[in-house]
Amino acid sequence: MTKFAGNYVASMYGKILEELTYSLNFTLKIVSQMSEHGMWDEQNQTWSGVMGELVSGRADFAIADMSMTSFRVRYVDFTLPLIISRNALYFKEPGICGVKWLGYFQTFNSCTWATIVTLIAIAPLLLSYMKTIRESGSMMELISENFICIWGIFCQQALKEFPRRTSLRIAYLTIFLTAVLVAAHYSAALVCFLTACTRVLPFQTIEEF
């Protein structure tokens, strides 16, 4: 604890201040002695303690073992750190695990999901166009039938009849391989999301703690 006696400040900080006054050739006048570093009053938008003296302009600088936080840096300037200490916050490990109900959708990001949906929507149109070249029939019926086939492929279901045309075989084979890769990646990522235990903390912010 720093002790004040007139214009003399004891302890290590006093020694540093004494060297500064000697090197920079200035005199020291203690205007106030505060017992707290200062708290931010959200309602009045003001600081208390040492921070209040500095922000209000009643003091030019302060000598205190004050932590350099990102919020305090917005209002005052700090010197280079004189003491570096390791402070840690400890609390009992919670025993409750939160279930990730959105884990089924968190396996892929939004761009990947959009790509898969677009592929499922466009593939029936392309297959219907390829079939109408040599086959006759309603375009809407072909699109509906191919959409069900594509959806079944992505759900790991087989076709009732594999096409004989080479172009259609290549198209269906490409869709099958894509569906297998997507399903394998989805299954692996889903297992990770569902088995990972997310601890439910009793607080979310420092104020709640």
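**Exercise 1. The fold in outline**

In what order do the elements of the protein chain run from the N terminus on?

*Solution.* Note that this is a predicted model. Step one: list the elements. They run β-β-α-β-β-α-α-β-α-α-α-β. Step two: take the totals. The protein chain has 6 helices and 6 strands. Step three: look at burial. Of the 209 residues in the protein chain, 22% are buried. Step four: look at sequence range. Take the contacts with a separation of 6 or more; 49% of them join residues 24 or more positions apart.

**Exercise 2. Helix H5**

Compare the span of H5 with the expected value, then find its buried residues and what covers them.

*Solution.* Step one: the span. H5 covers residues 139–154, 16 residues in total. From first C-alpha to last it reaches 22 Å, close to the 22 Å expected at 1.5 Å a residue. Step two: the buried residues. These are Leu142, Asn146, Ile150, Gly152, Ile153 and Phe154. Step three: the spacing. An α-helix has 3.6 residues a turn, so residues three or four places apart point the same way. Leu142, Asn146 and Ile150 are among the buried residues to check against that rule. Step four: the cover. It includes helix H4 (110–132) and helix H6 (166–195).

**Exercise 3. Asn146 and Tyr172**

Is Asn146 buried or exposed? List its contacts, then those of Tyr172.

*Solution.* Asn146 lies in helix H5. Step two: apply the cut-off. Buried means under 20% relative accessible area. Asn146 has 0% relative accessibility, so it counts as buried. Step three: list its contacts, leaving out residues up to four places away in sequence. Asn146 touches Pro124, Leu127, Ser128, Lys131 and Tyr172. Step four: repeat for Tyr172 with the same exclusion. Tyr172 touches Leu127, Lys131, Asn146, Ile153, Leu159, Phe162 and Pro163.

**Exercise 4. The nonpolar cores**

How many residues does the largest nonpolar core have, and which have the most contacts inside it?

*Solution.* Step one: the size is 14 residues. Step two: the residues with the most contacts inside the core are Ile120, Leu127, Ile150, Ile153, Phe154, Tyr172 and Ile175. Step three: the sources. H4, H5 and H6 each supply at least two residues of this core. H6 gives the most, with 5 residues. Step four: look elsewhere. A second, separate core has 7 residues, including Trp47, Met51, Leu54 and Ala59.

**Exercise 5. The largest pocket**

What is the volume of the largest pocket, and which residues are closest to its centre?

*Solution.* Step one: the volume is about 920 Å³. Step two: 28 residues line the pocket, and the closest to its centre are Ala64, Met66, Phe78, Thr79 and Leu82. Step three: helix H1 (11–24) and helix H2 (49–56) are the elements that give two or more residues to the lining. H1 gives the most, with 5 residues. Step four: sort the lining by class. It has 21 nonpolar, 4 polar and 3 charged residues.

Conventions: Residues numbered from 1 in each chain as written. Predicted model: local features only at pLDDT ≥ 70, side-chain atom pairs only at ≥ 80, totals over all residues. Heavy atoms only, no water. Helix = DSSP H or I, 4+ residues; strand = E, 2+ residues; numbered from the N terminus. Expected span 1.5 Å × (residues − 1). Buried < 20%, exposed > 50% of the residue type's maximum accessible area, 1.4 Å probe, protein only. Contact = heavy atoms within 4.5 Å. 1 Å grid on protein atoms, 1.4 Å probe; cavity = no way out; pocket = protein on both sides within 12 Å on 5 of 7 lines; lining within 4 Å. Points joined across faces, edges and corners; volume = space filled by probe spheres on them. Nonpolar A, V, L, I, M, F, W, Y, C, P; charged D, E, K, R; others polar. Core = buried A, V, L, I, M, F, W, Y, C linked by side-chain atoms within 4.5 Å.
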